[in-house]
Amino acid sequence: MKTIDRREFLTLAGLGGVVLVGGACFGRAAAAADADADEFYFVQLSDPHWGFEGPAQNPDATGTLQKAIAAVNALKEPPDFIVFTGDLTHTTEDGKVRRKRMDEVRAIIGELKVKDVRFMPGEHDASLDHGKAFGEFFGRTHYTFDHKGVHFITLDNVSDPTAAIGGDQLAWLAADIERQSADARIVVFTHRPLFDLYPQWDWATADGAKAIEILQRRENVTVFYGHIHQEHHHVTGHIEHHAARGLMFALPAPGSQLKRTPVAWDPAQPYKGLGFREVEAEARPVKYGITELPVVPA
Amino acid sequence: MSAQRRAFLGAIAATAIGAALSVRSQPAERVIPVRAYKFSYDPDAIVVKLNEPVILELTSSDVPMGFNAPDFAVRATIIPGQTSRVRLVPNKTGTFVFHCDVFCGDGHEDMDGTIEVVP
């Protein structure tokens, strides 16, 4: 009898768009039990922009993140961990307001049942004070951790207001990559795209090409990022880059119009364009199954 | 000095004078002052002619800003109190966006403008 895995179930149930990346075959029904030991899934949420005000873009600005948290808590199987890929708060020049927003968003995120939550800043959180307030509330802006055979690297391309990673962090990245085996499973979390997705809208990292050159030194590297408030998939060399939807307002497709004006709220389809994703990490072959989920279940 | 060498030097001199006259006779490139301030540019709509290079003279009234026009590979950081000059060669017609690429405050993401290149 063929058994179905969690992702196959989601697909069959029509619960979300599924993208299979990094491998040729679908499903793992026949996989051996020892292979399953290295397989897990995590949830990526991005760009909640707590503090944003714009009824034309999101009349539920103070309630959308909570709905997403509830949706994550309602998942049948809890993820191993949850990652927020930046812009937890909407920018403000007032340091007190910035910290108030960070305090509030941290409390809301604290409602997640899964307590292993990873953070990184977006430019709205960190570019005006070089990540100082973010560090006070959420810790380091770039770091690594390992989980079930996958090496995770969090890169900070926002604390520098010129959208650069910077020489020191690039040297740190190169040293970390040097320590990984040639076939290590590596996942990078960052906020901005590392490649030039659409520089006309500031959808790029000033020295992202240098980071990609370093990452290309290993065989199995995949990047998950935020910033552009929409699902997007791109490949540079053998590295896949996957942008997640946001949790406050949607942005137009790159280059689809002259300026990067946010997408207007559609009362007929509330929360359209917003959402989060599950990422199922599989070891043999190395691949990541991405399932996009809405803020409010259909 | 031989007649041949005098003729050679004379030709060089004539060429040099011609070149200098040629440089002097070229029209100076148009300079367009652009002032950046929170959170806009003045002017925020720049009109230039196709294949007529211009010099953008960039200043900032308040905080460090950026000027980035990726379609023409032109960018500069603008420091208050200093003038940044960049040469823009409008090699294609149309309307193109430029923007601030140094995160400068609340309205940073709306800080942009257009370059219209006309035939």
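Let's start where the two chains meet: 14 residues of chain A are in contact with 11 residues of chain B, where a contact means two C-beta atoms, placed from the backbone, within 7 Å of each other. Sorted by class, chain A's side of that meeting has five nonpolar, five polar and four charged residues. Here Ala, Val, Leu, Ile, Met, Phe, Trp, Tyr, Cys and Pro count as nonpolar, Asp, Glu, Lys and Arg as charged, and the others, Gly among them, as polar.

Keep in mind that this is a predicted model, in which local features need pLDDT of at least 70, side-chain atom pairs count only at pLDDT 80 or more, and totals for chains, interfaces and linings use all residues. Residues are numbered from 1 along each chain as its sequence is written, while chains are lettered from A and ligands numbered from 1 in the order in which they are written.

How does the model score? It gets ipTM 0.84 and pTM 0.87. Chain B averages a pLDDT of 86, with 78% of its residues scoring at least 70; pLDDT is the predictor's confidence in each residue, from 0 to 100. Over residues 8–23 of chain B the pLDDT stays under 50, and the model has zero contacts beyond four places in sequence for that stretch.

**Chain A as a whole**

Chain A has eight helices and 12 strands. These are DSSP runs numbered from the N terminus, with helices (H or I) of at least four residues and strands (E) of at least two. Of its 298 residues, 44% are buried. A residue is buried if 20 or more other C-beta atoms lie within 10 Å of its own, exposed if 12 or fewer, and partly exposed in between. Among chain A contacts with a separation of 6 or more, 71% link residues 24 or more positions apart.

Which residues of helix H3 (residues 64–73) of chain A are buried? They are A:Thr64, A:Leu65, A:Ala68, A:Ile69 and A:Val72. They cover an arc of only 140° around the axis, so they sit on the same side of H3(A); that arc is taken from the directions from the helix axis to the C-beta atoms. The background is simple: an α-helix has 3.6 residues a turn, so residues three or four places apart point the same way. The buried residues of H3(A) pack against strand S2 (40–45), strand S3 (81–85), helix H4 (95–109) and strand S11 (275–282) of chain A.

A:Ala68 turns up again in the largest nonpolar core, which has 62 residues; along with A:Leu45, A:Val188, A:Phe224, A:Leu247, A:Phe276 and A:Val279, A:Ala68 touches the most other members. A nonpolar core is a set of buried Ala, Val, Leu, Ile, Met, Phe, Trp, Tyr and Cys residues joined through C-beta atoms within 7 Å. Another core lies apart from it, with 20 residues, among them A:Leu128, B:Phe67, B:Met111 and B:Ile115.

As for A:Phe224, its contacts beyond four places in sequence include A:Gln44, A:Val187, A:Phe189 and A:Val279.

**Strand S7**

Why is strand S7 (residues 185–189) of chain A largely enclosed by the rest of the structure? Five of its five residues are buried. That holds for both faces, with A:Arg185, A:Val187 and A:Phe189 on one side and A:Ile186 and A:Val188 on the other. Side chains in a regular strand alternate between the two faces of the sheet. Strand S6 (residues 150–154) of chain A runs parallel to S7(A), joined by five bridges, and A:Val150 stands opposite A:Arg185. Two strands pair if DSSP finds at least two bridges between them.

| Residue | Phi | C-beta atoms within 10 Å | Burial |
|---|---|---|---|
| A:Asp47 | about 55° | 27 other | buried |

A:Asp47 is in the loop between S2 and H3 of chain A, and A:His130 is in the loop between helix H5 (123–126) and helix H6 (132–138). A:Gly131 is in the loop between H5 and H6 too, and counts as buried with 21 C-beta neighbours inside 10 Å.

Chain B has cis peptide bonds, including the one from B:Lys38 to B:Phe39, with omega near -5°, and the one from B:Asp42 to B:Pro43, with omega near 0°.
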